[in-house]
Amino acid sequence: MNIQHFSIVVPNKKCANNCPFCVSRMLGHDYENLMDINHPHYDINVKEYLKRMEFVANSGCNTAMFTGTTEPQQNKQFLATFALLNKMIAKPFTNLEMQTTGLFLTGNRDYIRFLRNFVGINTIALSINSLSDDVNNKILGHRLDVPVKQYELCKLLKEYGFNIRCCFNLNKDYNNYDYIEIFDLVKNQYLADQVTFRVLYT
């Protein structure tokens, strides 16, 4: 079996964003948080989680991607727990990635340092709905007092040595740009190492 990457659904009850095209909201049910320290079977759940991590790692996979039905950074305790469990397995995941809109991370040096140095995340896959911060934040639909400032965030991520993957959700806002412009912005403003273009089907 060739497993390329291990998707980690970070458990949370409700996303701080309200993106209109969110695939996760189509799920129809919540994932139960078995890794909550208050869960009555926490001891068993941790052992089972470690087993699954070992299985994937022993299959030759060294990449884990934090994703989920919410923003992964909404559950700092889970990220810390995963980091500790990762140190316990024989072949730890060395390439840790996080898919995020960047919410709560702009200017938040403490959290970014935690993600890089404690959790060990080395790639941030940044979901981008518009090249305009105002439009991007409006589409995200979160509280207005915590805006994502994309260029400022990317500059800070680079300061801490992250790889940046820009993931553009191709809505009609991108019709105003040609791809040469976008690639130029990706390289010079977002300081990105990789780029993904996502077609939105519905």
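**One residue and its surroundings**

Modeller: Val186 is buried, at 6% relative accessible area. Buried means under 20% relative accessible area, exposed means over 50%, and partly exposed lies in between, with a 1.4 Å probe and protein chains only. A caution before going on: this is a predicted model, where local features need pLDDT of at least 70 and side-chain atom pairs count only at pLDDT 80 or more, while totals for chains, interfaces and linings use all residues. Numbering runs from 1 along each chain as its sequence is written, and side-chain values use heavy atoms, with hydrogens and water left out.

Val186 sits in helix α6. Helices (H or I, at least four residues) and strands (E, at least two) are DSSP runs, numbered from the N terminus. Set aside neighbours within four places in sequence, and Val186 is in contact with Cys166, Phe168, Leu191, Ala192 and Val195. Contact here means heavy atoms within 4.5 Å. Asn163 is 23 residues from Val186 in sequence, and the two C-alpha atoms are 13 Å apart.

Take Leu191 next, one of the contacts of Val186. Leu191 lies in the loop between α6 (179-188) and β6 (194-199). Its phi is near 55 degrees, a positive value in a residue other than glycine. Leu191 is partly exposed, at 31% relative accessible area. Phe104 also has a positive phi without being glycine, near 75 degrees. Phe104 belongs to the loop between β3 (95-100) and α3 (109-119). Its relative accessible area is 31%, so Phe104 counts as partly exposed.

Now follow Cys166, another contact of Val186. Cys166 also touches Leu126. Leu126 is in strand β4 (residues 121-128) and is buried at 1% relative accessible area. Beyond four places in sequence, Leu126 contacts Gln99, Thr100, Thr101, Gly102, Leu153, Cys154, Arg165, Cys166 and Cys167. Leu144 is 18 residues from Leu126 along the chain, with 19 Å between their C-alpha atoms.

How many disulfides does a search of the whole structure find? It finds 0. A disulfide is a pair of cysteine sulfur atoms within 2.5 Å. Cys167 is in no disulfide, and its nearest cysteine sulfur, that of Cys166, is 7.5 Å away. Cys167 is buried, at 2% relative accessibility. For Cys61, the closest cysteine sulfur is that of Cys167, 18 Å away, so a bond is ruled out by distance. Cys61 is buried too, at 4% relative accessible area.

Step out to the core. In soluble globular proteins, nonpolar side chains tend to be buried together. The largest nonpolar core here has 55 residues, and Phe66, Phe78, Leu79, Phe82, Phe93, Leu115 and Ile121 touch the most other members. Such a core is a set of buried Ala, Val, Leu, Ile, Met, Phe, Trp, Tyr and Cys residues joined through side-chain atoms within 4.5 Å. Leu79 touches Val10, Phe66, Pro72, Gln73, Tyr111, Phe114, Leu115 and Val119, leaving out residues up to four places away in sequence.

Next, the helix packing. Axes are lines fitted to C-alpha atoms, for helices over the stretch in contact, and angles run from 0 to 180 degrees between N-to-C directions. The axes of α2 and α3 come within 10 Å and cross at roughly 20 degrees. That makes α2 roughly parallel to α3. The cut-offs: under 35 degrees is roughly parallel, over 145 roughly antiparallel, 65 to 115 roughly perpendicular, and the rest oblique. The crossing of α2 past α3 is left-handed. A crossing is left-handed if the near helix is turned anticlockwise from the far one by less than a right angle, and right-handed if clockwise. Lys76, Leu79, Ala80, Ala83, Leu84 and Lys87 of α2 meet Tyr111, Phe114, Leu115, Phe118 and Val119 of α3.

Helix α1 (residues 42-58) packs on α2 at an angle of about 60 degrees, with the axes 10 Å apart. So α1 is oblique to α2. This crossing is right-handed. Tyr42, Val46, Tyr49, Leu50 and Met53 of α1 contact Phe78, Thr81, Phe82, Leu85, Asn86 and Met88 of α2.

Thr81 lies in α2 (residues 76-88) and is buried at 12% relative accessible area. Outside its four-place neighbourhood in sequence, Thr81 contacts Met35 and Tyr42.

End at an exposed residue. Lys138 lies in helix α4 (residues 133-140), with 72% relative accessibility. Cys19 is 119 residues from Lys138 along the chain, yet their C-alpha atoms are separated by 9.0 Å.
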